[in-house]
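Visitor: Could you walk me through this model, one question at a time?
Guide: Gladly; let's have a look together.

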Amino acid sequence: MKKFQIIKPWKTKKKASFYFYYVLFTTIIVLIASSISSGIGEFLYKKYEIPNFYVVIGLSFIVGLIMAVFIGKVLLSPIKNLKNNMNKVAEGDFSVKVTEDSIFDEVDDMYHYFNMMMDELRATEIIQSDFISNVSHEFKTPINAIEGYITLLSDDNISVEEKEQYVEKIMKNTERMSQLISNVLLLSKLENQTIDTKIKSFSLDEQIRQVIILLEPKWVEKNVEFDIELDEIDYLGNEGIMFHVWNNLIGNAIKFGPKNGKITIQLKKDDKVKFIIEDEGPGIDEESIKFIFNKFYQTDTSHKSDGNGLGLSLVKKIVDLYNGSIIVENKENSGCRFTVIL
């Protein structure tokens, strides 16, 4: 089998190897030592009657000392430099970066991969920090609301109608927290690939119908009309995970679509499975389309509508899990179209 050489794009030119410098330096030292040993040995024997044996020992010691200094100062200094920087990383400093200007080819490689690792660590740290901040914010909103309504309920002067209204608000915010926890846990499992892979064949079109029925209170409230065309498809996958895809996409279409509007749903099978859902809502501005699959990203920054910005991120992770793709685009007149290809 033919082997292909990996081209390293970060290199402007091929540098000499560590072995080249080591062999070159050793050869020069040995040649110099050999050339002067006979002359020095003869001189010392005539002058002080020192045997040539001691001269060889002395020169060997000097050569060894020079080699030790060369190895310690030149060859091992990049490793010491890397060790010092790794100690900084261990102490929590992720801003460390080493300069890739060594005369050794191997050291340049080592420094480059170290810098790549640090770039990834910095990116991970930022994502983790943002994730914690967003989760804290999303939990804080319903907790504050629940606390406020409980305070209002403690007032003996409020009417029965007001009490029922406050209890309903508490239930709604509790449900919101429960949904957030479920989404965060599921997203964490998907990202860490620890999701339980209960693969089996199930009816994809029937699952979509079940989701529509489950969401009936929401679309009845808005008097939404459905135009549904579903091919009969048996799909091999995790039925529980796939449920989240349709639940989020159809739920969003209901939530962002207008009252008395229409939602079109199609499920087709050619060489691949294709699910298309269209609504008549305001659509998504072009800048937001690039970020809607990011965790906690919401186009509605005012938070007037329920949600925590995890739904579409979950959809994307699940679709990626099955090597599929999801496409979002605005319709010509109004509304939005999501296409899932499995």
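Visitor: How many bridges join strand 2 to strand 4?
Guide: This is a predicted model, where local features need pLDDT of at least 70, side-chain atom pairs count only at pLDDT 80 or more, and totals for chains, interfaces and linings use all residues. Residues are numbered from 1 along each chain as its sequence is written, and side-chain values use heavy atoms, leaving out hydrogens and water. Strands are DSSP runs (E, at least two residues; helices are H or I, at least four), numbered from the N terminus, and two of them pair if DSSP finds at least two bridges between them. Strand 2 and strand 4 (residues 262–269) run parallel, and the number of bridges joining them is six.

Visitor: Which residue in strand 4 is the bridge partner of Asp 227?
Guide: Strand 2 covers 225–230, and Asp 227 has its bridge partner in strand 4. That partner is Thr 264.

Visitor: In what order do the five strands form the open sheet?
Guide: Strand 2 and strand 6 (325–330) each have a single partner strand, so they stand at the edges. The pairing is mixed, and the order is 2-4-5-7-6.

Visitor: Is Phe 61 buried or exposed?
Guide: Phe 61 is found in helix 2 (residues 52–75). Buried means under 20% relative accessible area, exposed over 50%, and partly exposed in between (1.4 Å probe, protein chains only). At 58% relative accessibility, Phe 61 is exposed.

Visitor: Which residue just after helix 10 takes a positive phi?
Guide: Helix 10 spans residues 311–321, and its buried residues include Leu 312 and Ile 318. Just after this helix, a positive phi of about 55° is taken by Asn 323.
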